Each structure stands twice: as C-alpha cells, then as structure tokens.
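These notebook entries record what I looked up, topic by topic. The sequence and the structure come first, and my entries follow.

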Amino acid sequence: MRKAVFGFAVAVVFTLAEVARAQGPPPFNKFQPNSLVVTRSVYEGTADTVQVGQLLPPNCPATDFPTNLSYTATVPKTTSGHYSVTVTCSIATNNGAYPYVFSNDASDGSFAVSAPIFLDNIDSNGHVFGTLAIPPSMIVTSFESKSELALNLSTDGKSLTFMGYVNGTGPTGVNQLDISNSNTPAVIDVTNPDQGQYYRAVAEVDGSGRVQVTNSNAYSGDNGRAVIKGLGIYYMVGNSNNGGLSKSQLLGSLDGINLTTSTGAELLVPGQTPPAPPKITMIGQFAIGQVIDPATGVDYTTVDKAGKDNNFRGITIFNNTLYVSKGSGSNGINTVYQVGSTGVLPSGDETTLQTVPIVPLPGFPTTPASGTDGGLPTPVIYPFGMWFANANTVYVCDEGDGILEPPAPDGNVAGPEALASGGVQKWQFNGTSWQMLYVLQNGLNIGVPYGVAGLPTAFNPATDGCRNLTGTVNHDGTVTIYAVTSTVSGSGDQGADPNRLVKVTDVLDSLTLPVNNGNAADPRLAFFQTIKAAGFGEVLRGVAFAPEGEGRY
C-alpha cells in the first residue's frame, strides 16, 4: 500500500497487487480498450448472518429489548430546550439465508447487508475479459440497495467512479447489517434507529485497476447513489435522513439542519479529509415551491420535508454542464434537472455552492412525484441514468413504478406506468424545450417474470424498466445503448433481484420509434438484447465505458 497526496490531505491508494489478492477467475490485468465495465455485487451471507428474533438495526438503542422496542431521543433546539422523539426498533423475522433474508425489510425499514463490489470488464456482447474485485476492507456496497453503485467515466476518460461505504468505527467488511441507513460519523441523528456510523465513500479506479477511496460525511441516514469526476472534482448525488424529526424539528435543530444541508447534489475533493458540518459542500437546494404548477400557473404552495426534494439518483456531465435526476419518493418532482449554469461546473466553498440554481430541464415533467395535484391524479415518470448522444438528444432510463401487480391474464405483473414509460426514453431539444419522442422497450419484456437458477419461483423477477445506462454514437448514424434493468418481484426487497445488462440500437436522428420487422441487416434495431444476466444471489448496478490508458486517475 502507498500513500499519495492529493490536494491538501493524504488518501489511501491500494496497488494493483493488493487489489488482485482478492480476485478470483478470470484474472484482471487492465481494462481493455473500447470495452465496457459493469458493477456487480454478490451476497455472501449465510443463515447465521441474521438470527431470527435479534434486534434490528443491531445497534438500535432499545430501552429494554425485547420487552420494549422503543427509546426516546432528545434533540437540542437551536433556541433553547429540546425535542423529545420516540423511536422504534425492530426484530428479525428471517435468518440470513438468501433470498428470504430480505423479507426482514418488512419489519426493519433500514434492513441491509453489506457485500463486496466487483468490476466486470466485458465486450459489447458480454464476454468477460477480467474481473476487478474490490477488497471489502476498502469499501463495500449495500447488497439490495438498488440505487447504488452507478458507474461513471470521468470527463477526461481516465478513471471510473462509484460510491459505497467505509466503516467509521471499525473494520469495513461484508455481512455488516443496516449500513445504508446508518449515520455518517460527523452527522449524527439520534432519532435514526440505525445508529451505526459509515462514511459514504467515493472509489476511483484508473485503467490499470488502481483504486483510491475518499470518504464523505454526506448522505447521513441514507445512501450515496452516484458520482462523476469532472475537472478533478467529484460530483455526487444521494439522499439523507432516516430519522424521526418532523418538518419543523428539522429546521429547529442543528441536527436537522446538518441533515438537510448534506444531501442532494454534493461536491467532494479527491483525497480530502471528510468534510464535517458546516463545511459539507452541498450544491444548491431545490424545493418544489421554486417551480410553477402547470395546473394553476403559479408556484407550488406545497412545503415538503426539508431536503427531501433533493432526493437525486442519476448524475452526468455533458459539455461541462452538470445534470441530475430524481425518480423516487413522494416528495418534490421526478424529472431531470440542470445544476448551475450551462457550460460551467459548480465550484467554490459551501457558501457559494448554496446559491447554485437547480432547475428542471424545460419540457421535462414538473408535476408532483406524489402523483396528485390539487386532489387530481397527475402522470409520474421515474428517471434514473442519463446519456447525452449530442447537445439535442438525451436518453433517459426510466425504472418503472416498482409496483408488483396481480398477474394479468397473460401473466404480466407490471403496472400501467411501467408499461407506458419504463425503459429508455428518447428526448429531443427543439431549441426551446425538450420533448419525449418515444420509449425503447421492445425486447425488455416488461412485466414478464423470468426464472433464475436456484431462485424459488415465488421470487421470480420481471423487468420493470432500467436504472443506469451509457451509450456510443456509431459511424452509420445509429447509437448503441447499454442499460442495467430494474425489476419487480415478490421478494422482500426488489433491489436484491437478479437483473440484467441489455443493449439496444436506435437511429439517432429518428423522430419516431424505428421498426425492426426482423431486419436481417441489423436485428438489434430498437430491440433489446440481454448480454449479461445476474445469477442467484447476484445483482448488476452500473455500466460505463472503460477508462483510457494506464495513467493515474
């Protein structure tokens, strides 16, 4: 192991040999040119990982377990006095055997199991060149947290980045429980039943497989979803706050203010010491009241819980402009946003960054994520990853509504929203606003359950849409898009479902959905093909093109 200085702090950098010690076949040498990289995780728990009847979260300070599952948290006010908040813990209903272990999510909303991270280097047809296994002592993921492990290529093409967890009070490793809703070490919420302390960390990997991890105190109580490196800076998205503070208590306590100012879009300097409040550099602060309600023509009057309108999931940089997406939760607006000015990546200290505007792209939906406006139903989309083919065309993964419907006569289990908008949406800019042209779905078989060897039939997943994606513009005027699917199932947590990596070809300039009609010259046209499928106890998360060369970061 070597220590390298980045900026003003020391970062731990693991050599390729150290990383390789954790590897299994096929061996990893370096990322191959013009290839893909997929983030994957494998559940390594056993029946003994969780004991039926044990306290969950395992560090929830129940007053008198198992007789009393609750405790009273005391939170100082910013003025004088304190708030008293009752917090309830849970009991495990299932042991640690996959897939039943994730049924514990029904009793413990914080339930999670840490798992190792693998970077599979593959060609465009799914052939594996090699697998880079990230040592779990460096960083881990929460196995069933479906919004994690997005993978992004830096704007200079030299490195990949993803987010995970580093234990703030002990060794990092697999089979640690409820990490994804834990506090971060510098943002402690005593009303959070999950009192573990884990950094939300950024891992950066260069073309030779060298890994650098930088810790962050952002996203306490929830997870960091994605990160991209632009102009030497990490730009992150995620969510915070798993505690019991009300709207007024969040704004009336320093603990609450720290939660609401360490969420959404964040900036982090590679290798720096983890910033602590008030130095956590959150970018902007979006609230639904900043947007005109299309039903009334005036600003929304809704006031959501502070910070929750910034529950962002996807992130990308195109033409030096930062974009994020929101596609989950009932607060705010599910849509695609521009962060800051066109052509200028956000920078500066925490005070400067707080003033950065976050606005929905014109033409993208501005209806509430709750699906109702003034008591009337409104359409909702579920955007996740984004890929710009050019300045006027962006492809957006929509993961579907995640609702498992009773089987239709044809056996389909997807809801109407997933059937309408799940998949890869194609949006075009006309000079004034963006318009959705069509949705690429053919071949995804949305809502059609599929079997996985070893998985009980009752847990068979069905594709509901897609989460993360990347793409390339081909010489013949087509684009090829690679996407990781989302699922619905009868599992206790659909994030634990084995899913798929798929690809599809589209005509870049087409204004209408291309028709395949068995085109022998190009059978891929507008038809998804599966190029990699997760197996039993396995999930796929992010996809990106491999970094170029063998240089350092």
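**Entry 1: the disulfides**

Which hand does the disulfide of C397 and C466 have, and why? I looked up the torsion about the S-S bond of C397 and C466, which is about -115°, so this disulfide is left-handed. I note at the outset that the model is a predicted one.

The bond between C397 and C466 has an S to S distance of 2.1 Å. I found both C397 and C466 to be buried.

I then asked how many disulfides there are by this rule, and the count comes to 2. The other entry in my list joins C60 to C89, with an S to S distance of 1.9 Å. This pair also links distant parts of the chain, 29 residues apart: C60 is in the loop between β4 (55–56) and β5 (70–76), and C89 is in the loop between β6 (82–88) and β7 (90–91). The torsion about the S-S bond of C60 and C89 is about -75°, so this disulfide is left-handed. Both C60 and C89 are buried. With the bonded cysteines of the chain numbered in sequence order, I write the pairing as 1-2, 3-4.

**Entry 2: cis peptide bonds**

I stayed with the loop between β4 and β5, where P57 lies. The peptide bond from L56 to P57 is cis, and its omega is near -20°. P66 is found in the loop between β4 and β5 as well. The peptide bond from F65 to P66 is cis, with omega near 5°.

**Entry 3: the chain as a whole**

I next looked up the overall figures. The chain contains 5 helices and 33 strands. For 553 residues, a compact globule would have a radius of gyration near 24 Å; I read 22 Å for the chain, which agrees. The C-alpha trace spans about 70 × 60 × 55 Å along its principal axes.

How much of the chain is buried? Of the 553 residues, 59% count as buried. The chain exposes about 20200 Å², and carbon and sulfur atoms supply 54% of that area. Among contacts with a separation of 6 or more, 66% are accounted for by residues 24 or more positions apart.

**Entry 4: aromatic rings**

My search of the whole structure for aromatic pairs returned 20. Y98 and F102 are both buried.

Which residues form one aromatic cluster? I listed F318, Y323, F364, F388, W427, F429 and W434 as its members. I also recorded a charge over a ring: the charged end of R500 sits over the ring of Y450, 3.7 Å from the ring centre.

**Entry 5: positive phi values**

I looked for residues other than glycine with a positive phi. Y219 has such a value, with phi near 65°. Its place is in the loop between β15 (211–214) and β16 (224–230). Because its relative accessibility is 0%, Y219 counts as buried.

N241 also has a positive phi, near 80°, and is a residue other than glycine. I located N241 in the loop between β17 (233–238) and α2 (247–251). Is N241 buried or exposed? N241 is buried, with a relative accessible area of 9%.

**Entry 6: two loop positions**

S489 is placed in the loop between β30 (478–488) and β31 (500–507). With a relative accessible area of 4%, S489 is buried. Setting aside neighbours within four places in sequence, I found S489 in contact with L404, F459, N460, P461, Q494 and D497. S489 and D464 are 25 residues apart along the chain, and 9.5 Å separates their C-alpha atoms.

G443 lies in the loop between β28 (434–440) and β29. Which residues does G443 contact, leaving aside its neighbours within four places in sequence? I found F527 and F528. G443 and G329 are 114 residues apart in sequence, and I read 28 Å between them in space, C-alpha to C-alpha.

Technical notes: Residues numbered from 1 in each chain as written. Predicted model: local features only at pLDDT ≥ 70, side-chain atom pairs only at ≥ 80, totals over all residues. Heavy atoms only, no water. Phe/Tyr/Trp six-rings, centres within 6.5 Å; stacked < 30°, edge-to-face > 60°. Buried < 20%, exposed > 50% of the residue type's maximum accessible area, 1.4 Å probe, protein only. Lys NZ or Arg CZ within 6 Å of the ring centre and 35° of its normal. Disulfide = S-S within 2.5 Å. Helix = DSSP H or I, 4+ residues; strand = E, 2+ residues; numbered from the N terminus. Rg over C-alpha atoms; globule rule 2.2 N^0.38 Å. Contact = heavy atoms within 4.5 Å. Areas by Shrake-Rupley, 256 points an atom, 1.4 Å probe, with all protein chains shown as cover.
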